[in-house]
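Student: I have the model open. Can we go through how the pieces pack?
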Protein chains: 2
Amino acid sequence: MIKIGLDALGGDLGVNATVPGAMEAIKEMKDIEIVLYGDEAKIKPLLTNSERISIVHTDKAIDMGEHDPVKAIRTMKDSSLVMALKAGKDHEVDGVVTTGPTQCVVVGCHLIVRKIEGMQRIALCPLIANYDNKPRLLLDAGANVELKPEHINELATFASSVAEVVLDVKSPSIGLLNIGTEEGKGREVDKETYEVLKNNKNINFYGNVEPFAILNSPCHVLITDGFSGNMCIKSVEGTAKVMSKMLKDEIYSSFKGKIGGLLLKKNLNRFKKKMDTSEVGGAMVLGLPIPVVKAHGNSEAHGVMCAIRQVRNMVSSDVIAKAILKLKKGDSIGEDK
Amino acid sequence: MIKIGLDALGGDLGVNATVPGAMEAIKEMKDIEIVLYGDEAKIKPLLTNSERISIVHTDKAIDMGEHDPVKAIRTMKDSSLVMALKAGKDHEVDGVVTTGPTQCVVVGCHLIVRKIEGMQRIALCPLIANYDNKPRLLLDAGANVELKPEHINELATFASSVAEVVLDVKSPSIGLLNIGTEEGKGREVDKETYEVLKNNKNINFYGNVEPFAILNSPCHVLITDGFSGNMCIKSVEGTAKVMSKMLKDEIYSSFKGKIGGLLLKKNLNRFKKKMDTSEVGGAMVLGLPIPVVKAHGNSEAHGVMCAIRQVRNMVSSDVIAKAILKLKKGDSIGEDK
């Protein structure tokens with residue numbers, strides 16, 4: 001039985017998304033049990049089933065708008081997020097799912113779960129929608145503002161193992177997000193990173209990929225430092241949001257448009273669904289001894305269920321042990337530098 | 001009379017866009033004359049008017065796919081781009097418009113036009129579409145892979161003067177593109193840049209802006225280094241392209257969708273036009289003693305005309321002299337460091 005810890009009070013919807021998400025997951029996957037960290041009084045009325053479900057009570061939650069993650073994690077030891085992560089650290093659960101505030105999750109992973117011995121950095125690695133409907137991985141989406149070439153290299157090896165399981169591909173190709181496709185493009189750090197990735201025998205290095213191709217990617221994993229990755233992801237999200245808004249405005253701007261919009265309703269919903277990565281899962285925190293998946297703060301029940309499935313697949317395939325083995329083989333796991 | 005040099009052989013469409021664009025501009029603006037650098041035999045048949053038009057003949061063009069800009073600019077002295085820039089440098093024309101390959105334009109500006117004495121860097125500064133239909137400026141979109149805080153500071157002062165004219169706003173607000181909105185976010189360089197921008201009395205500093213807001217910006221100018229700016233712009237362009245493609249696919253995927261699409265045709269065209277910044281102009285190269293505007297490589301006649309109008313407005317408002325004055329006043333123009 002795979003035991004998954006769920007931060008039940010995280011996210012914009014709190015228990016209204018996490019508990020129904022857990023119910024959906026329990027129904028779909030017979031090999032999991034879920035521990036809900038959260039307010040018993042709020043959780044219990046939402047349970048449609050008590051099979052393989054347990055509750056560890058707390059009514060404290062970290063606010064979604066929390067601006068001081070380090071302080072929050074250090075002081076709110078009885079918050080649902082910290083308790084779920086602590087359970088992961090203590091092997092009371094095999095993996096953790098949260099919809100809590102991203103930077104608090106990252107800091108919590110750092111301070112509570114702690115990285116795998118020998119790994120130098122952890123990275124935030126979301127699934128990204130893609131034109132061909134096959135999602136991709138992108139890292140680092142913002143766990144570290146700066147990363148050295150050797151950090152990106154060890155994360156690339158780790159992400160390669162994870163991509164095999166999460167994307168279900170053999171020998172996933174890894175592209176370096178950069179301002180040009182040719183070798184020698186970018187800052188000094190990008191040129192050096194290109195060199196180390198090229199020489200890393202444990203990965204299938206594709207070369208540079210420009211952010212033009214971020215949603216129509218020629219490779220399975222896109223890697224860069226946490227500042228650039230965060231800037232790219234936020235540019236993509238912002239563009240998608242504004243374009244959807246503009247499109248909606250245009251449709252509602254005329255009577256003919258409204259009729260057209262009605263006829264297109266199904267197509268537009270399918271389009272929206274294609275752009276929505278919560279359908280496939282959440283952002284993984286890579287470099288930890290257990291799977292931790294952070295689903296979008298505005299996730300509904302189905303998004304939570306997908307994140308639970310993602311953790312379950314990572315546990316059942318033993319992906320982290322495999323990644324560590326690959327890192328050791330490549331000698332890219334060493335001492336903390 | 002304002003004299004504008006036009007690289008007639010640049011862009012994907014060459015003379016088929018540049019010459020009709022020049023014709024449109026001559027008709028609209030009575031205070032300009034245009035010098036076309038290009039192939040006389042190809043240009044002449046396309047002239048509908050010879051008023052205020054002259055041709056400087058060359059049949060050499062720098063290829064749009066040129067991979068070695070420095071070599072191209074150094075060796076192809078008789079190319080239409082180099083000749084137009086040289087005419088700008090020698091004050092034979094008051095400003096230059098080109099649809100040539102971006103990196104060749106940047107290198108040509110560096111090596112031929114040369115930056116204003118005392119300016120430390122030049123920057124590529126495109127107009128960006130915005131949700132409210134009022135375009136914004138973004139820099140550096142890729143002239144420098146790395147910029148120090150003092151470089152960004154002098155460019156911010158320069159861009160502030162330019163934005164007053166090009167966007168027609170008083171005291172334009174300048175935002176630092178960053179991974180978080182609070183002070184203290186980002187890499188060391190971003191934190192330092194925040195400090196110097198905050199203390200720059202010659203600009204109206206807004207604070208940090210996340211790339212979420214890149215197309216729905218709370219301020220008039222978005223500034224960052226050339227690597228980050230390029231990554232953001234390419235993420236935006238890539239997302240817009242894939243979303244448009246997905247939308248089109250969805251519309252054509254069913255009969256009802258096609259009918260809906262037909263009814264929405266006008267609305268979708270308006271939507272497309274909103275996203276299209278070539279309607280308002282091209283990317284300026286800032287930090288030069290003359291206006292140089294690089295319109296999109298795939299510009300059609302109207303895009304070329306808009307870029308010509310942009311150069312004409314910059315010349316007639318004497319914006320560069322004003323920007324230099326502001327820089328000197330702020331003591332942020334000094335020696336080449």
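Student: How do the axes of H1(A) and helix H11 of chain A cross, and within what distance do they come?
Tutor: This is a predicted model. In it, the axes of H1(A) and helix H11 (residues 301-316) of chain A come within 7 Å, crossing at roughly 50°. That angle makes H1(A) oblique to H11(A).
Student: Left-handed or right-handed?
Tutor: The crossing of H1(A) with H11(A) is right-handed.
Student: Which residues make the contact?
Tutor: From H1(A), they are A:Ala17, A:Thr18, A:Pro20, A:Gly21, A:Ala22, A:Glu24, A:Ala25 and A:Glu28. H11(A) contributes A:Ala301, A:His302, A:Val304, A:Met305, A:Ile308 and A:Arg309.
Student: And which strands does helix H1 of chain A lie across?
Tutor: Helix H1 (residues 15-28) of chain A lies across S1, S2 and S3 of chain A, and runs at about 170° to S2(A).
Student: What about helix H5 of chain A, which strands does that touch?
Tutor: Helix H5 (residues 102-113) of chain A packs on the sheet and touches strand S4 (95-98), S5, strand S11 (283-286) and strand S12 (292-294) of chain A. The direction of H5 makes about 170° with that of S12(A).
Student: What's the strand order in the open sheet of chain A?
Tutor: S3-S2-S1-S4-S12-S11-S5, seven strands with mixed pairing. Strand S3 (53-57) and strand S5 (123-125) of chain A are the edge strands, each pairing on one side only. On average, neighbouring strands of this sheet are turned by 25° against each other, direction ignored.
Student: In what sense do S1 and S2 of chain A pair?
Tutor: Parallel: strand S1 (residues 2-7) and strand S2 (residues 32-38) of chain A share six bridges. A:Ile4 has A:Ile34 in S2(A) as its bridge partner.
Student: How many residues of S2(A) are buried?
Tutor: Six of its seven, so to class S2(A) as buried one uses the cut-off of under 20% relative accessible area. The strand is mostly covered.
Student: Switching to chain B. What's the order in the sheet of five strands?
Tutor: S6-S7-S10-S8-S9 in chain B; that sheet is open too, with mixed pairing. Strand S6 (127-128) and strand S9 (204-209) of chain B are at the edges with a single partner strand each, so one side of each has no neighbour in the sheet.
Student: How do S7 and S10 of chain B pair?
Tutor: Strand S7 (residues 136-139) and strand S10 (residues 221-223) of chain B pair in the parallel sense, over three bridges. In S10(B), B:Ile223 is the bridge partner of B:Leu139.
Student: Now between chains. At what angle do the two H9 helices cross?
Tutor: At roughly 160°, with the axes of helix H9 (residues 255-263) of chain A and helix H9 (residues 255-263) of chain B coming within 8 Å. H9(A) is therefore roughly antiparallel to H9(B). Their crossing is left-handed.
Student: Which residues are in that contact?
Tutor: A:Lys256, A:Gly257, A:Ile259, A:Gly260 and A:Leu263 of H9(A), with B:Lys256, B:Gly257, B:Ile259, B:Gly260 and B:Leu263 of H9(B).
Student: Last topic: which residues have the most contacts inside the largest nonpolar core?
Tutor: A:Val292 and B:Val292, in a core of 105 residues. Leaving out residues up to four places away in sequence, B:Val292 touches B:Leu85, B:Val96, B:Val105, B:Cys109, B:Ala283, B:Met284 and B:Val285.

Methods:
Residues are numbered from 1 along each chain as its sequence is written. Chains are lettered from A and ligands numbered from 1 in the order in which they are written. This is a predicted model: local features need pLDDT of at least 70, side-chain atom pairs count only at pLDDT 80 or more; totals for chains, interfaces and linings use all residues. Side-chain values use heavy atoms; hydrogens and water are left out. A nonpolar core is a set of buried Ala, Val, Leu, Ile, Met, Phe, Trp, Tyr and Cys residues joined through side-chain atoms within 4.5 Å. Buried means under 20% relative accessible area, exposed over 50%, partly exposed in between (1.4 Å probe, protein chains only). Contact means heavy atoms within 4.5 Å. Two strands pair if DSSP finds at least two bridges between them. Helices (H or I, at least four residues) and strands (E, at least two) are DSSP runs, numbered from the N terminus. Axes are lines fitted to C-alpha atoms, for helices over the stretch in contact, and angles run from 0 to 180 degrees between N-to-C directions. Angles under 35 degrees count as roughly parallel, over 145 as roughly antiparallel, 65 to 115 as roughly perpendicular and the rest as oblique. A crossing is left-handed if the near helix is turned anticlockwise from the far one by less than a right angle, and right-handed if clockwise.
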